[in-house]
There are 2 protein chains.
Amino acid sequence: MKFEVTILGSSSATPVFNRNPSAQLLNCNEKYYLIDCGEGTQQQLTKYNLKASRIDYIFISHLHGDHYFGLIGLLSSLHLNGRIKPMQIFGPKHLLEILEIQFKYSDTVLRYPIEFFPIEADKSVQIFENSDLTVKTIILNHRIPTTGFIFQQKKRQRKLIKEKTDQVPMAYYTSLKKGIDVELPNGDILRSEDYTTEADAPRCYAYCSDTLFDERYFDTIKDCDTLYHEATFMHDLLERAKETHHTTALQAAEVAKITGAKKLLIGHFSSRYKTLQMLFEEAQSVFENTELAIEGRTFQL
Amino acid sequence: MKFEVTILGSSSATPVFNRNPSAQLLNCNEKYYLIDCGEGTQQQLTKYNLKASRIDYIFISHLHGDHYFGLIGLLSSLHLNGRIKPMQIFGPKHLLEILEIQFKYSDTVLRYPIEFFPIEADKSVQIFENSDLTVKTIILNHRIPTTGFIFQQKKRQRKLIKEKTDQVPMAYYTSLKKGIDVELPNGDILRSEDYTTEADAPRCYAYCSDTLFDERYFDTIKDCDTLYHEATFMHDLLERAKETHHTTALQAAEVAKITGAKKLLIGHFSSRYKTLQMLFEEAQSVFENTELAIEGRTFQL
């Protein structure tokens, strides 16, 4: 089952050096989940050939503009392009008010429904579930209420052994994949474990946008396969990071190490860094399996 | 005196084919005036090496998103980049409410003052004046209240004849340029017309964003040197243009012809047109001196 994320924006605060503000597109089993939506996100989706119309779920971490100023434009374009299926949006409660006032004064009545789910930033709770995954919030520590998100795949079915499929009537596939033995009309028993192999372990992706390094959220993201963590500054600017409630590259790597992540993606880079190699090396010095979450890169989770 | 406009966006409704939504930067005597501000305008300014920090005046024609969704991001970035000088914004009265709600929920107190001047869309009035130009509104006919803008240069001073400047003490330059003869201490008279030539004629630029072809605004834009006029559709879609309160390329050219413009810029192209040559040719068939107002082009006005 596909489980990958494409980075649409890696810049903090302002767009610079061809870096766009925060946005990521998660593809889980060919369903699209948008995580944050900085200005220009719809242009980035077009650039990377990702159809905005396929997005059905949007998660906004907080109301700093670099994480949501592109949302109103994206929603408007979907309307103008004829969307009729609902859009589910999860975000801080005032986000809806911000969207509605803009639709009101442009005299826009959307052709499709927005289903809005306000997030409370002071508790880590499950906010979404479908057959593929659950989404839970992470309580982050930023200047305004901010949550991260954990996308946790569900336990998946066992996999049919391809070479044996022609020995089994299709009607029994579902049971066998669920681990259930089946009895044929002639009394023979087909044992699930003879015809299937273990399911892939369900994977999880944690998205920690703007936050102070704060051990209170470490438990929530424990043992995640891939951790995206902001790394706005180099560690020589630790005081600046603290003042602005951000994290350094070194600290992001420490979070990955402490919480047992398998892979770390760092992003949300300050505009003071024209190139990112130093941030990458700083994080990698603490946590080997680090990658730069830069525009256009797709990571298998 | 410099009087030129750089096109930052030429797309109607949604960004497509590398065309951005409406925005133009007017440079008059090295002062920057931003006209409309679709999503991604700050990125466009960077792309074309135009310093956003130099913009002191912003004019928003109406509250359809393709004309202002980039404003909140631009204003935020200026704040984050340390701006302290005021920004004057002219636009529909509800624009301020839309900006303020977003600053409120991001807990942002701008470091610089916004001086907001609400525009009434039902009368054509002068809304701005400085030593270089005046700005007057144009009552357009669109689905929501919409105004265009006329940027009218002021009558300028006569020009000193370079070869003769060393014959005249500098203290008299100002008077001579104003057309005033001066008397030297020895009683000699310096006649302005001997030392100066006629000033260039003051020029004007009319910006007609979204509108129906409607002769009621023709008087306001009469005899403008350069007319920017929206040309959303080809004329075979005249009915669609009427329904959506837009103009065809042919009609835009007729407006230029009827009102006595010297040059016509057309823009605000529908996303149905991947290439623009047909729109250009349609307009040019009626009005020879037509240009496509596309991203990155700068026009001397």
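A disulfide is a pair of cysteine sulfur atoms within 2.5 Å, and in this predicted model the structure holds two such disulfides over all chains. In chain A, the disulfide joins A:C204 to A:C224, with a distance of 2.0 Å from S to S. The pair links distant parts of the chain, since A:C204 belongs to strand 14 (residues 204–208) of chain A, while A:C224 is placed in the loop between strand 14 and strand 15 (226–230) of chain A, 20 residues apart.

B:C204 lies in strand 14 (residues 204–208) of chain B and B:C224 in the loop between strand 14 and strand 15 (226–230) of chain B, so the bond ties together parts that are 20 residues apart in sequence. Because buried means under 20% relative accessible area, B:C204 counts as buried at 4%, and B:C224 counts as buried at 2%. Other cysteines of chain B can be set beside this pair. B:C37 is in no disulfide, and the nearest cysteine sulfur, which is that of A:C37, is 17 Å away; B:C37 is also buried, at 0% relative accessibility. The sulfur of B:C208 is 8.6 Å from the closest cysteine sulfur, that of B:C224, and this is too far for a bond, although B:C208 is itself buried, with a relative accessible area of 0%.

The backbone was examined next. Most residues other than glycine have a negative phi. Against this background, A:D36 has a positive phi of about 60° although it is not a glycine. A:D36 is found in strand 3 (residues 31–37) of chain A, where it counts as buried at 0% relative accessibility. In chain B, a positive phi, near 65°, is found for B:E30, which is also a residue other than glycine. B:E30 lies in the loop between strand 2 (23–28) and strand 3 (31–37) of chain B, and at 41% relative accessibility B:E30 counts as partly exposed.

Strands of a sheet pair through backbone hydrogen bonds, either parallel or antiparallel. The open sheet in question has seven strands in the order 6-5-4-3-2-1-18 (chain A), with mixed pairing. Its edges are formed by strand 6 (114–119) and strand 18 (298–300) of chain A, each of which pairs on one side only, and from one strand to the next the twist averages 20°. Within this sheet, strand 3 of chain A pairs with strand 4 (residues 55–59) of chain A in the parallel sense over four bridges, and A:L34 stands opposite A:I58 of strand 4 of chain A. Helix 3 (residues 94–105) of chain A lies across strand 5 (87–92) and strand 6 of chain A, and runs at about 120° to strand 5 of chain A.

In soluble globular proteins, nonpolar side chains tend to be buried together. Here the largest nonpolar core has 63 residues, and those with the most contacts inside it are A:I58, A:L75, A:L95, B:I58, B:L75 and B:L95. When residues up to four places away in sequence are not counted, A:I58 touches A:L34, A:L71, A:L74, A:L75, A:M87, A:Q88, A:I89 and A:F90.

Technical notes:
Residues numbered from 1 in each chain as written. Chains lettered and ligands numbered in written order. Predicted model: local features only at pLDDT ≥ 70, side-chain atom pairs only at ≥ 80, totals over all residues. Heavy atoms only, no water. Helix = DSSP H or I, 4+ residues; strand = E, 2+ residues; numbered from the N terminus. Buried < 20%, exposed > 50% of the residue type's maximum accessible area, 1.4 Å probe, protein only. Core = buried A, V, L, I, M, F, W, Y, C linked by side-chain atoms within 4.5 Å. Contact = heavy atoms within 4.5 Å. Pairing = 2+ DSSP bridges. Axes fitted to C-alpha atoms, helices over the stretch in contact; angles between N-to-C directions.
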